[in-house]
Amino acid sequence: MTPSRLTARVTLESSGIALALALPAAWMGGGPAAVGVLAGGGLAVLDFRALAARVAGRGASGSLGLVWLLASGLRLTLVLATCAVLFAMGWAHPVALLVGLTVLPCNLIACGLRGADERN
C-alpha cells in the first residue's frame with residue numbers, strides 16, 4: 001500500500017469511527033460527550049494529515065531541520081490550544097475528547113497490521 005493510500009484510508013476510517021462513537025457518546029453523556037468525541041477525532045485526523053503532508057513533502061533528502069521542529073511545535077500547540085478552548089468553554093467532555101484523539105492511532109496501527117498481513 002502506498003503512503004498516500006494509507007493516509008486516505010486512515011483518514012476515512014478514523015472519521016467514520018469517530019462519527020460512529022459520537023452517537024453512543026451523545027446518548028450516554030449528552031452534547032459535550034458527542035462534541036468531545038467529534039472534536040478529538042477531527043483534531044487527530046487534521047494533525048495526521050498535516051504530518052503526512054509534511055513527510056511526503058520532505059522528499060529524498062530525509063533531513064529533519066529547524067523547519068520540521070518549528071512546524072511540529074506549531075501543530076501541537078494548535079491542538080493544545082483547541083483542546084483548552086473546548087474545555088474552558090465547557091463544550092467538550094475531557095474523557096470524550098481523549099477517546100476521540102485515540103481513534104486515529106488505534107486505527108493506524110490496525111491498518112499497518114492489515115497491510116503487513118496482506119504481504120505475507
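Here are some notes on this predicted model, going from the overall fold down to single residues.

1. **Overall make-up.** The protein comes out as four helices and zero strands, so the pattern along the sequence reads α-α-α-α, with helices taken as DSSP runs. The C-alpha trace covers about 45 × 40 × 15 Å along its principal axes.

2. **Burial and contacts overall.** There are 120 residues in the protein, and 28% of them count as buried. Take the contacts with a separation of 6 or more: 73% of these come from residues 24 or more positions apart.

3. **Helix H1 on its own.** H1 runs over residues 3–29 and has 27 residues. From first C-alpha to last it reaches 37 Å, close to the 39 Å expected at 1.5 Å a residue. Its buried residues are Thr7, Val10, Thr11, Ser14, Ala18, Ala22 and Ala25. After the helix comes Gly30, which has a positive phi, near 80°.

4. **Helix H3, looked at likewise.** H3 takes in residues 66–88, which is 23 residues. The distance from its first C-alpha to its last is 32 Å, again close to expectation, here 33 Å at 1.5 Å a residue. Trp68, Ser72, Arg75, Val79, Cys83 and Leu86 are the buried residues of this helix. Just after H3 there is a glycine with positive phi too: Gly90, at about 75°.

5. **How H1 and H4 pack.** For a pair of packed helices, the description rests on the angle between the axes and the distance between them. H1 and H4 (residues 94–119) pack at about 135°, and their axes are 9 Å apart. An angle over 145 degrees would count as roughly antiparallel and 65 to 115 as roughly perpendicular, so this pair is oblique. As for handedness, the H1 and H4 crossing is right-handed.

6. **What makes up that contact?** On the H1 side, the residues are Leu6, Arg9, Val10, Glu13, Ser14, Ile17, Ala18 and Leu21. They meet Val99, Val103, Leu104, Asn107, Leu108, Cys111, Arg114 and Glu118 from H4. Sorted by type, the contact has ten nonpolar residues, two polar and four charged. Val10, Ser14 and Ala18 of H1 are worth a look in the viewer, as they are in this contact and are also among the buried residues of H1.

7. **Ile109: buried or exposed?** This residue sits in helix H4. With a relative accessible area of 56%, Ile109 is exposed, because the cut-off for that label is over 50%.

8. **Gly115, for contrast.** Gly115 is in helix H4 as well. Its relative accessibility is 17%, and since buried means under 20%, Gly115 counts as buried. How far is the C-alpha of Gly115 from that of Trp91? The two C-alpha atoms are 37 Å apart, for residues 24 positions from each other along the chain.

Technical notes
Residues are numbered from 1 along each chain as its sequence is written. This is a predicted model: local features need pLDDT of at least 70, side-chain atom pairs count only at pLDDT 80 or more; totals for chains, interfaces and linings use all residues. Side-chain values use heavy atoms; hydrogens and water are left out. Axes are lines fitted to C-alpha atoms, for helices over the stretch in contact, and angles run from 0 to 180 degrees between N-to-C directions. Helices (H or I, at least four residues) and strands (E, at least two) are DSSP runs, numbered from the N terminus. Angles under 35 degrees count as roughly parallel, over 145 as roughly antiparallel, 65 to 115 as roughly perpendicular and the rest as oblique. A crossing is left-handed if the near helix is turned anticlockwise from the far one by less than a right angle, and right-handed if clockwise. Contact means heavy atoms within 4.5 Å. Ala, Val, Leu, Ile, Met, Phe, Trp, Tyr, Cys and Pro count as nonpolar, Asp, Glu, Lys and Arg as charged, and the others, Gly among them, as polar. The expected span of a helix is 1.5 Å times one less than its number of residues. Buried means under 20% relative accessible area, exposed over 50%, partly exposed in between (1.4 Å probe, protein chains only).
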